[in-house]
Amino acid sequence: MRLTIPQPQLLKTLQIVERAVNDRSTLPILTNVLLETSETELTLTATDLDVGIRCRFPLTPPIERGAVALPARKLTTIIRELPEDMVVLEAKKNHTATISCGSSHFRVPGLPPEDFPALPPTLQEEPIRTSQATLKALVAKTAHAMSMEETRFILNGALIATQKNQLVVVATDGRRLAIASGELSAQAKRPLQAVVPAKTVRELGRLLQDDEEEVAIVPLKDNQLTFQFGGVTIITRLIEGQFPAYEKVIPPPTKTTFSCDRQQLISALRRTSLMTTASSQAVIFELSANRLVVSKEAPELGSAREELGAAYAGDPMAAAFNPEFWLDALKAIESSEVTVELSGPDKPAVIRQPGFTYLVLPMKVS
């Protein structure tokens, strides 16, 4: 195996696939990236057995066909430090690779490519298609609500489902709920309902481009799912179990609402949250005629108070919330103004926008 490739191109691809590498694995092969050449392209693959990432891109002949598994982190570090010039990578029969670029020369021992786990074939069913921009936006609006706790494993990811001609992404940690929907390129021939692990969701948010190029979503055997876009393929195991019936917890619309400038509310929450602690996270929302006050008092730190103009005509009301839950949602939407439904201090606050619903539960303050 021998190939010549520009350093920036090789580095970019290595940085994509190495995110699937598990450095703590007890299987040495899983700390490696598999490089395979055909007559026209180079394929790089990495996996931790739960998530696999494969990248393909064309090369200019002549290319010697072959394969080698090389330490992913070490290889990426070497390529990163090379000058932006042509890199010559050659794999020997003893699974050792030589890397040359300008006056730099490296020798890196690898492992037999046949030891690398085989990823499943990806085109088993008719794919579900949407644009990269659509899926990227759905992930951005919901990923922050995924649970990080291990007590309810089914919440450590996001539900991806089809509803007629819509793709829906849902995430919740039990204290907040984010639902986003976008158009499919064509109505799905088969329904999809899959809980995708948080690691895969975050990688999608990182790798998807904000353009109209399509992403194909294909269910696989053995409870797996694949996402294909550009030259990238992500294959992931799914979380087994029943995702909560999220539709049942969304309250019907209420006329008790307040509206304010989104960016002003973000700034007020950021400043007020400076007075929160791990044991006292709640900030107070106080509503009165055309006014919203966001405040926090912490005996050990002091206090903070922010007053904003708000369109509100109901009775005076106060409710406590985790400010981080609000900041995550407000940063994910784009409108200059935000309208929030809040019918009582012990009721959930709800943001409803076209293609996006966000619910956050209030906190109890002693």
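**Close-up views of a predicted protein chain**

**View 1. The side chain of Q7 reaches the backbone oxygen of I79 at 2.8 Å.** This is a polar contact, a pair of N or O atoms within 3.5 Å; within protein, one must be able to donate a hydrogen and the other to accept it, and residues adjacent in sequence count only if both atoms are side-chain atoms. The model is predicted, so local features need pLDDT of at least 70 and side-chain atom pairs count only at pLDDT 80 or more, while totals for chains, interfaces and linings use all residues. Residues are numbered from 1 along each chain as its sequence is written, and side-chain values use heavy atoms, with hydrogens and water left out. Q7 sits in helix 1; helices (H or I, at least four residues) and strands (E, at least two) are DSSP runs, numbered from the N terminus. With a relative accessible area of 4%, Q7 is buried. Buried means under 20% relative accessible area, exposed over 50%, and partly exposed in between (1.4 Å probe, protein chains only). Apart from neighbours within four places in sequence, Q7 is in contact with I79, R80, L82, P83, E84, D85 and V87, where contact means heavy atoms within 4.5 Å.

**View 2. The whole protein chain has six helices and 24 strands.** Its C-alpha trace spans about 80 × 50 × 35 Å along the principal axes. Of the 366 residues in the protein chain, 51% are buried. The accessible surface comes to about 18,200 Å², and 49% of it belongs to carbon and sulfur atoms; such areas come from the Shrake-Rupley method with a 1.4 Å probe, and for residues only the protein chains shown count as cover. Among contacts between residues at least 6 apart in sequence, 66% join residues at least 24 apart.

**View 3. Helix 2 (residues 72-81) has the buried residues A72, L75, T76, I78 and I79.** Seen down the axis of helix 2, these buried residues fall within an arc of 165°, so they line one face of the helix. The arc is that of the directions from the helix axis to the C-beta atoms. An α-helix has 3.6 residues a turn, so residues three or four places apart point the same way. The buried residues of helix 2 pack against helix 1 (7-17) and against strands 2 (32-37), 5 (66-71), 6 (86-91), 7 (96-101) and 8 (104-109). On the face turned away from the buried side, helix 2 carries the exposed residues K74 and E81.

**View 4. In helix 5 (residues 262-272), R262, L265, I266, A268, L269 and T272 are buried.** Down the axis of helix 5, the buried residues lie within an arc of 165°, so they line one face of the helix. Their cover includes strand 17 (257-261), strand 18 (283-288), strand 19 (291-298), strand 20 (302-309), helix 6 (323-332) and strand 22 (337-341). At the start of helix 5, a side-chain oxygen of D261 comes within 3.0 Å of the backbone nitrogen of Q263.

**View 5. The largest nonpolar core has 98 residues, and L35, L42, F227 and W326 touch the most other members.** A nonpolar core is a set of buried Ala, Val, Leu, Ile, Met, Phe, Trp, Tyr and Cys residues joined through side-chain atoms within 4.5 Å. Leaving aside neighbours within four places in sequence, F227 is in contact with L135, I160, V196, T200, L204, V215, A216, I217, V232, T233, I234 and T236.

**View 6. The side chain of H144 reaches the backbone oxygen of K141 at 2.9 Å.** H144 is in the loop between helix 3 (132-142) and strand 10 (157-163). At 17% relative accessibility, H144 counts as buried. Beyond its neighbours within four places in sequence, H144 is in contact with R176, A178, D328, A329, A332 and Y358.

**View 7. K164 has a phi near 60°, a positive value in a residue other than glycine.** K164 lies in the loop between strand 10 and strand 11 (166-172), and is exposed, with a relative accessible area of 71%. N223 also has a positive phi, near 60°, and is found in the loop between strand 14 (214-220) and strand 15 (224-229). At 31% relative accessibility, N223 counts as partly exposed. Most residues other than glycine have a negative phi.
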